[in-house]
Amino acid sequence: MLERLPLRAGDREARELSALRAAAARTATDPVPAAQLAQRYFDLAAARGDPRYVGYAEAVVARFAVPLPAQLLVIRGQLRQYRHGFEEALDDFAGALAQDPTLASAHAWRAAIFLVQARYNAAQSECAALQRLGRSTLYGGCIGLAQAYGGQLDAAQASLLQALGASTEADQRLWLLTRLGEVAAWRGQPALAERRYREALDLGRDDGYLLAAWNDFLLDAGRPAEVVKQLAGWESSDPLLLRLTEAEAALGLPEAARHIQVLDDRFAAARLRGDTTHRAEEARFQLELRGNPDAALRLAADNYRVQREPRDARILLEAAVAAQDAGAAAAARDWLRATGFEDSRLRQLAHASTRVSGRTAGPASVPP
């Protein structure tokens, strides 16, 4: 046996994919069933953290000649952002909106990319477009996250809660509850954060982002045994395998050594492919599991040039402190100072990064 495939012939999802593939094959020139199949592949990639589904979706889209219709441009934009081709993805979403200005999903994805890039004014413009289209739940999630990243956690929580109250769709509720868990953790409310995460988990849907955020919360709380239990069976996802391995190492479990080698091999293979999707995870791997802060810092700095979410700032600050290179974390400190982002852990790391020996950053600019 080389590998156990994630789907079996009798699974509901396998039957659903089979039906979608058959519909796409029957009407090879019709973009609608092709878009439905590609979207389902993308959703599975996001849910399971398995990039093979992204390749399947890319193959479906590649069957169509350019210029692509709007629905396929939206799918291609999602696939490009998954691989961190953010500018190309923004172009695809803009092209889709030029064909159909009512495509709320294109505005939502553009906002998501702008938030990753810390371009908050641009993100808020996309949020406003969602509001004009009458998409109140999407608007609430969009503006809530922009507020959170921009140093307004109280307002963010209110916006996300309002959106949650208006939503009955399970995937939307899962996303909103996950973000509410993050906001509560940033606000120093661990009991509330745990309640939100558990509400999201109780929806019973696979979601890679939720599992990563929840298990980061558990690791920060010193609860690695729960991480091992939660992530058993998720080894196909690099981000989740990383967290599982951190927990195994913290507990001194023998499985940690094997999983460290698996991660080493996967990151090496990604480098050969030119795949930089998981640079932040590789930086964390080098710091936490390989004890190599200099390599971690190089990776974290490269990642931060492309992605500037709070978790990206955190690994950059942690690596800079470990490598005793104050100057390398200047971009993250500048972001904290400009936004007023309120997470106390990041602000303490920023303060610590100005006080390490070796290369210095001058006077501390971010209070602890």
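Visitor: Which relative accessible areas count as buried, exposed or partly exposed here?
Guide: Buried means under 20% relative accessible area, exposed means over 50%, and partly exposed lies in between, with a 1.4 Å probe and protein chains only. This is a predicted model, where local features need pLDDT of at least 70 and side-chain atom pairs count only at pLDDT 80 or more. Side-chain values use heavy atoms, leaving out hydrogens and water. With those cut-offs, phenylalanine 42, at 5%, is buried.

Visitor: How many aromatic pairs does a search of the whole structure find?
Guide: Rings of Phe, Tyr and Trp (its six-membered ring) pair if their centres lie within 6.5 Å; planes under 30 degrees apart are stacked, over 60 edge-to-face and the rest tilted. Searching the whole structure on that basis gives 14 aromatic pairs.

Visitor: Is the pair of phenylalanine 42 and tryptophan 109 stacked or edge-to-face?
Guide: Happy to walk through it. The ring centres of phenylalanine 42 and tryptophan 109 are 5.8 Å apart. Their planes stand at 75°, so the pair is edge-to-face.

Visitor: How many residues apart in sequence are the parts that this pair ties together?
Guide: Helices are DSSP runs (H or I, at least four residues) numbered from the N terminus. Phenylalanine 42 lies in helix 2 (residues 31–48) and tryptophan 109 in helix 6 (residues 104–116), so the parts tied together are 67 residues apart.

Visitor: Is tryptophan 109 buried or partly exposed?
Guide: Its relative accessible area is 24%, so tryptophan 109 is partly exposed.  The value lies between the 20% and 50% limits, which means partly exposed.

Methods. Residues numbered from 1 in each chain as written. Helix = DSSP H or I, 4+ residues; strand = E, 2+ residues; numbered from the N terminus.
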